[in-house]
Amino acid sequence: MSSTIAPATAGRVTRPAGPLVIDIADVSKLYKMGTEIIHALRGVTVEIRRNEYLAIMGPSGSGKSTLMNMLGCLDTPTAGRYEFNGKNVAHMADDELADIRNREIGFVFQTFNLLPRSTALANVELPLIYAGLPASARRERAEQSLTSVGLGERMSHKPNELSGGQRQRVAIARALVNNPSIILADEPTGNLDSKTGVEIMALFEQLYEQGNTIIVVTHEEDIARHARRIVRLRDGLIESDGPAL
Amino acid sequence: MARLIYELTESFRIAFAQIRANKLRSALTALGVIIGIVAVTLMGTAIRGIDTGFQNSLNMLGDDILYVGKWPWGNVEDWWNYVGRPPIKPEDAEKLNVVFADTPNSLLDLAVPMVGRGTTAKYGDHKISGVMTFGTSADYGRILNADFKEGRLFNDTEAVAGRPVCVIGFDIAEALFPGRSAIGEEIFLNGHPNWVIGVLAKQGSFLGLFNFDNQAIMPIESFRKAFGTRRGSEIRVKVRDKTRLVEAKEELVGAMRRARAQLPGERDNFSINDQGAIKAQLDPIKQGIAMAGLFITGLSLFVGAIGIMNITFVSVKERTKEIGTRKALGARRRTILLQFLIEAVSICLIGGLVGLSLTYFLVLAVGAIFPAFPIEFSISLVFVSVIVSVVVGVASGFAPAWGASRLDPVVALRYE
């Protein structure tokens, strides 16, 4: 369905990379599935800098999701080093990780994950509640964020009153609202038709050009090609890591 | 701190949105709490009512009256110590009054003899049985704590002369003279004619056992002529200052010993009773009723709590993905815990308040239909049921909310 998304490598801007944000070295992750032990990651080393636009690719079972959970501070490695903005997050407790996620990471999910009974505005305000911002500041910033993704007119709509593309825009506005260090998007076009998918990828391009750091996890080449750098995983190891062509 | 307040506000908003979105489910769950709260608060009002009823009954005995009798009130194990005592005689009252007058600064005002027996009252074809008929002195007017509906008490002259006159209780007047005045009519008490000169206003009954409105009072002399005084009597003593009841009791013991010329070292051959003795007997019964009642009604509240716990588990299960999302966005464990606790507490509070208002109207209705039924609504019930609702909500919501707060965000996000 993504065949119509044209590779837009020609003539696009590549911003110079900034300071190190994510420093992952020799990270491995083991899962126990009953009596079986699964090596989801077997020593992965990756550095991500500010202003990068990175795609993580790999077939299912490659460890792609595990790496994404790790990058998103949803999970901690079994072994190895993980520093986020110079802070060691490998051994942090749940609540410390929650604070890191709140301040540093903007999540965009395949299924949007909006609260169904809250308006677009309330959904975007949610991370700011956890950040401890007063109501007036929350409202102002959420409105700003929604306007920046082109939803200034639909702020009081609930998710079921919005189209798929609009829902994903709300989710992106929510990811942006706390000015995170990285935006982590997991198959962001996976639940959208190809035309809407193109629009969402264009939005990511725009956000990148405005100075955001974006990591997209996908199994689609066409989507990955929007990024400036592609990391490919296979069997829990990095197969390749280089610029997108 | 600010963050906690914002999280709480958000949690309440979400909780009420959730309740609105699942109206039927929330209502059914709240129903369990409603029934529990109604049961507990109704029991509470009933206990209070019983308490008030007891107190009213005790007040009928008079809190400034001491009762001199052969037997102590309440259960007696060593009956052989009492059975040989001489009976209390009306003459003892006269002697007591002499002693009181003789004592400077006496705490005791006056002694009134009371002789009584059960009779049947008759007037023409009308008849009422179980009438407690008392013979007493004209001083009875000073210890009587009831009003006259009509007429008056016999005076000293009538008392001394033993005139066949009587004062009857409200129920007797109603039974024998429905819809008209009883004054001046001649009634028969166990066949002995008596002129009605007074009717007492309605008083009620003592613990539902002794009906104060079913008594007839006549001069002790005419009582003696009609029924004799062999059965022995009782003496009621009015105390001047009811705050010094204990001292008054001690003085009365001395006075009674003097009146009966008991020797030093000899054991008292009478008993001084007061309403406190009955209260001491009633209190354990009252507490027993309260404990048993609260335990049984507490069970229904417990069932309601299980319903809340169940629905909170369901809610957590249904919204696992939402929990994952919230955690991804930076919700701490505390945040998730509070969110579900608040949801459970909100349902409980709504149930509690609905239950409380139901109780309020039930109490009003019961009070209107059965005015005699001892039931009473009080403001403290509001506080109690709010506190109970919150406690039930927290207790039943805690386990599921705790589980939710501990969910692994990765697992929760993957949940479909």
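Is the crossing of H5(A) and H6(A) left-handed or right-handed? The close-up views below come from a predicted model, and the first of them takes up this question.

**View 1. Helix H5 (residues 164-176) of chain A crosses helix H6 (residues 194-209) of chain A.** The crossing of H5(A) and H6(A) is right-handed. In general, two packed helices are described by the angle between their axes and the distance between the axes. Here the axes come within 10 Å and cross at roughly 20°; because angles under 35 degrees count as roughly parallel, H5(A) and H6(A) are described as roughly parallel to each other. On the side of H5(A), the contact is made by Gly164(A), Gly165(A), Gln168(A), Arg169(A) and Ile172(A), and these meet Thr196(A), Glu199(A), Ile200(A) and Leu203(A) of H6(A).

**View 2. Strand S11 (residues 234-239) of chain B pairs with strand S1 (residues 65-69) of chain B and with strand S2 (residues 108-123) of chain B.** S1(B) and S11(B) run antiparallel and are joined over four bridges, and one pair to look for is Tyr67(B) with its bridge partner in S11(B), Arg236(B). S2(B) and S11(B) are also antiparallel, with six bridges between them, and in this pairing Ala111(B) has Val237(B) of S11(B) as its bridge partner. S11(B) is mostly covered, since five of its six residues are buried.

**View 3. Gly44(B) is a buried residue of helix H2 (residues 23-61) of chain B.** Gly44(B) counts as buried because 23 other C-beta atoms lie within 10 Å, where 20 or more are needed for that label. Leaving aside its neighbours within four places in sequence, Gly44(B) is in contact with Leu381(B) and Val384(B). Glu376(B) stands 332 residues apart from Gly44(B) along the chain, yet the C-alpha atoms of these two residues are separated by 8.7 Å.

**View 4. Chain B touches chain A through a contact that takes 20 residues from chain B and 21 residues from chain A.** On the side of chain B, at least two residues each are supplied by helix H1 (2-21), helix H11 (320-328), helix H12 (333-369) and helix H14 (409-414). The largest share of this side, seven residues, comes from H1(B).

Technical notes: Residues are numbered from 1 along each chain as its sequence is written. Chains are lettered from A and ligands numbered from 1 in the order in which they are written. This is a predicted model: local features need pLDDT of at least 70, side-chain atom pairs count only at pLDDT 80 or more; totals for chains, interfaces and linings use all residues. Two residues are in contact if their C-beta atoms, placed from the backbone, lie within 7 Å. A residue is buried if 20 or more other C-beta atoms lie within 10 Å of its own, exposed if 12 or fewer, and partly exposed in between; C-beta atoms are placed from the backbone. Two strands pair if DSSP finds at least two bridges between them. Axes are lines fitted to C-alpha atoms, for helices over the stretch in contact, and angles run from 0 to 180 degrees between N-to-C directions. Angles under 35 degrees count as roughly parallel, over 145 as roughly antiparallel, 65 to 115 as roughly perpendicular and the rest as oblique. A crossing is left-handed if the near helix is turned anticlockwise from the far one by less than a right angle, and right-handed if clockwise.
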